[in-house]
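Please consult the structure while reading them.

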Amino acid sequence: MLDLRRLVILREVAVRGTLAAAAQALSYSPSAVSQQLTQLEREAGVPLLRKVGRGVRLTPQALVLVEAAEALLDTVERTEAALAASLTEVRGTVRVAVFQSAALALMPAALRRAADEHPQVRVEMVQREPAQALHDTWARDFDLVVAEQYPAHAAPWLPGLDRRDLVTDPLRLALPPVGVTRERVRDLADAARVPWVMEPRGTASRHFAEETCRAAGFEPDVRYETADLQAQIRLVESGNAVAILPGLVWRERTTTCRLVPLPGDPHRTVFTSRRDAAAGAPAVEAFRAVLEAVAAHPNEKASVGLDHTHPAP
């Protein structure tokens, strides 16, 4: 009979891509993973891995076993959800992956509300970039993910994950306060001659910001690069840069930045995803509902900084 634990190890290799990454995810040593897979090959009677350069590739027979392992894990997860749903109170642990602006704008209020409404639910939060967070949720590292999608930039699609939109927020040009710099920047066209701050290359926000500038007829001078949106705000407020920032970053805070609408009034969509196998898990559904309730009641204090004097063309 095939050992179920070894099937899960094989599935981890398929999901993570390497023996070392699978070992790290399972808190095993690479040699232990290799030994378990060797034993699984004996049980299955077929080769499961082929060496390719410094890595390995799964054989077609191994992929059959990986699919079976996924089905078994889904069954276990659905059974756990049904068992939890049979209880009279909502309890359990919810592991949430969230990107920075949602962590700042939504999570504090959501955690407070969840603690009041569901005191037996433990919420664990880890900050992750959205694409990685979606993959990690699909890989079963997290129960729920808060992710984002920028205009003309599709979020990664992974089988077995659902999606529910949480909130849409405007993307606007953030400019320094009047008088902070000698440069007179009023709109996107003027921003062609000043430094920019953006998130690192490869992120959806960076792609959107660069494409927006190029559509306006210039290549942005990206002098500063940081994934920390609070650092971006400080660089703008101090007159060192301009940036394109989502409206969610202004929740529960004020700003001295001037916020100018962009052409076409683009918006970003923030959404949640969880595995289909977790449908009905009371703790996951309860915290998801809390997030949706918090997102439905915005408190965007930075509206005082919105500059309507130079609307987008």
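Q: How many cavities of 30 Å³ or more does the structure hold?
A: The model is a predicted one. A cavity is a set of points where a 1.4 Å probe fits but cannot get out. With the volume cut-off set at 30 Å³ or more, the number of cavities in the structure is one.

Q: What is the volume of the largest cavity, and which residues lie nearest its centre?
A: The volume of the largest cavity comes to about 170 Å³. Its lining is made up of 22 residues. Those nearest the centre of the largest cavity are Tyr-150, Glu-199, Ser-205, Leu-229 and Pro-246.

Q: Which element supplies the largest share of the lining of the largest cavity?
A: At least two lining residues come from each of α5 (100-105), β7 (195-198), α8 (204-215), α9 (229-237) and β9 (243-246). The largest share is four residues, and the element that supplies it is α8.

Q: How many residues of the lining of the largest cavity are charged?
A: The lining of the largest cavity includes 13 nonpolar residues and four polar ones. The number of charged residues in this lining is five.

Q: What is the volume of the largest pocket, and which residues are the closest to its centre?
A: The largest pocket has a volume of about 460 Å³. It is lined by 19 residues. The closest to the centre of the largest pocket are Glu-77, Glu-80, Thr-93, Arg-95 and Asp-143.

Q: Which element supplies the largest share of the lining of the largest pocket?
A: The elements that each contribute at least two residues to this lining are α4 (60-85), β3 (92-98) and α10 (282-295). The largest share amounts to six residues, and its source is α4.

Q: How many residues of the lining of the largest pocket are charged?
A: Ten residues of this lining are nonpolar and two are polar. The charged residues in the lining of the largest pocket number seven.

Q: Which residues lie nearest the centre of the second largest pocket?
A: The second largest pocket has a volume of about 210 Å³. Its lining consists of 13 residues. Nearest the centre of the second largest pocket lie Glu-70, Asp-74, Trp-138, Arg-140 and Pro-159.

Q: Which element supplies the largest share of the lining of the second largest pocket?
A: Both α1 (4-16) and α4 supply at least two residues of this lining. By class, the lining has six nonpolar, one polar and six charged residues. The largest share, four residues, comes from α4.

How values were computed: Residues are numbered from 1 along each chain as its sequence is written. This is a predicted model: local features need pLDDT of at least 70, side-chain atom pairs count only at pLDDT 80 or more; totals for chains, interfaces and linings use all residues. Side-chain values use heavy atoms; hydrogens and water are left out. On a 1 Å grid over the protein atoms alone, a cavity is a set of points where a 1.4 Å probe fits but cannot get out, and a pocket is an open set with protein on both sides within 12 Å along at least five of seven lines; lining residues have an atom within 4 Å of a point. Grid points are joined across faces, edges and corners, and a volume is the space filled by probe spheres set on the points. Ala, Val, Leu, Ile, Met, Phe, Trp, Tyr, Cys and Pro count as nonpolar, Asp, Glu, Lys and Arg as charged, and the others, Gly among them, as polar.
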